[in-house]
Amino acid sequence: MTATVDVEGMKGRMAAFIQKLQDDICGALEQLDGQGRFREDAWTRPGGGGGRSRVLEEGAVLEKAGVNISIVHGELEEAFAKKLQGEGRTFWAGGLSLVLHPRSPHVPTVHANYRFIHQGGRAWFGGGADLTPYYLHDEDAAHFHRVHKAACDAHDPTYYPRFKAACDSYFHLRHRGEARGVGGLFFENMGGDLEREFAFVQSCGNSFIPAYLPIAQKHKDTPVTEAQRFWQEVRRGRYVEFNLVYDRGTIFGLETQGRTESILMSLPPRVRWRYDYHPEPGTPEARLVEALRNPREWA
């Protein structure tokens with residue numbers, strides 16, 4: 001694969017794409033919030049490369065939002081190198097990762113990631129986006145999935161069912177027996193032509209704003225009770241559990257000695273763990289848990 005593709009040139013194109021995507025998404029989110037502004041930190045990695053982290057905190061709509069890009073390279077530890085899909089210890093990785101934790105429990109948390117990795121003689125794309133609501137609105141989940149399905153269908157009609165199923169499988173808390181959210185897309189090393197896959201990744205990245213912002217706009221001004229805020233913080237605990245126990249991006253960042261503050265920006269600002277807490281049957285909170293234990297088709 002890599003013998004017929006200009007991998008070095010693709011690295012530059014991917015870097016340019018994620019830089020522009022970061023600008024576009026941050027601009028749209030600042031407009032959505034109306035009050036908060038992103039703080040930018042440029043950082044360098046001792047082993048090679050660096051990144052540009054942007055974090056917005058205590059906004060009117062976004063309680064904490066991180067939209068980060070990193071372009072890092074160098075050598076991996078031998079044991080970790082063997083866990084990846086490439087060959088040898090030399091690597092290059094460029095990607096954008098975002099996590100948005102809204103203030104209102106009526107607005108879902110959302111995560112997205114788009115990346116390109118080169119290790120030894122192999123190079124591959126990965127990424128996806130997934131939605132984590134606190135109160136389930138079927139039409140919101142359907143909208144999020146339909147936008148991403150359209151991005152998939154424009155390239156290959158087999159993509160959406162494959163990557164939706166992969167998302168359901170990956171974002172699953174095995175120790176809880178439930179999904180982290182209502183899913184979306186998750187793909188890693190599709191194994192095809194890199195030019196086609198790069199075009200697909202660009203379509204996915206450019207789909208994020210139309211997939212998420214209408215949902216946030218719709219619910220951002222809905223009144224919130226203390227009980228609903230409590231539920232949001234309980235559910236955020238599940239998000240933390242996934243990111244610290246299972247998330248490959250977190251593990252990759254820490255293993256490659258990335259910037260710790262940028263890697264852990266995905267964690268919410270306020271969270272709680274209530275011992276053996278279960279919502280009352282028949283409530284909207286119980287309906288969400290039921291949906292997370294039985295993933296469904298949305299698009």
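At 36% relative accessibility, H73 counts as partly exposed; the label covers values between buried, under 20% relative accessible area, and exposed, over 50%, computed with a 1.4 Å probe on protein chains only. The model is predicted, and local features need pLDDT of at least 70, side-chain atom pairs count only at pLDDT 80 or more, and totals for chains, interfaces and linings use all residues. Residues are numbered from 1 along each chain as its sequence is written, and side-chain values use heavy atoms, with hydrogens and water left out.

H73 is part of strand β3, residues 62-75. Strands (E, at least two residues) and helices (H or I, at least four) are DSSP runs, numbered from the N terminus. Leaving out residues up to four places away in sequence, H73 touches R45, G47, G48, G49, F91 and W92, where contact means heavy atoms within 4.5 Å. P46 is 27 residues from H73 along the chain, and the C-alpha atoms of the two are separated by 10.0 Å.

The phi angle of E58 is near 55°, a positive value in a residue other than glycine. E58 is partly exposed, at 40% relative accessibility. A second residue of this kind is D276, which is not a glycine but has a positive phi of about 50°. D276 sits in the loop between α8 (260-263) and α9, and its relative accessibility of 55% makes it exposed.

The next topic is the packing of helices. Two packed helices are described by the angle between their axes and the distance between the axes. Helix α3 (residues 138-153) packs with helix α5 (residues 194-219) at an angle of about 160°, and their axes are 9 Å apart. The axes are lines fitted to C-alpha atoms, for helices over the stretch in contact, and angles run from 0 to 180 degrees between N-to-C directions. The angle makes α3 roughly antiparallel to α5, a term for angles over 145 degrees. The crossing of α3 and α5 is right-handed, that is, the near helix is turned clockwise from the far one by less than a right angle.

On the α3 side, the contact is made by E139, D140, H143, F144, V147, H148, A151 and C152; on the α5 side, by F200, S203, S207, P210, A211, P214, I215, K218 and H219. These residues divide into 9 nonpolar, 5 polar and 3 charged. Here Ala, Val, Leu, Ile, Met, Phe, Trp, Tyr, Cys and Pro count as nonpolar, Asp, Glu, Lys and Arg as charged, and the others, Gly among them, as polar.

Helix α6 contains E233, which is buried, with a relative accessible area of 10%. Apart from neighbours within four places in sequence, E233 is in contact with R270, V271 and R272.

The structure holds 0 disulfides, a disulfide being a pair of cysteine sulfur atoms within 2.5 Å. The sulfur of C26 has its closest cysteine sulfur in C204, 19 Å away, so the two are too far apart for a bond. C204 is in no disulfide either, and the nearest cysteine sulfur to its own, that of C152, is 5.3 Å away. C26 is buried at a relative accessible area of 4%, and C204 is buried at 2% relative accessibility.

How values were computed:
Parallel < 35°, antiparallel > 145°, perpendicular 65-115°, else oblique.
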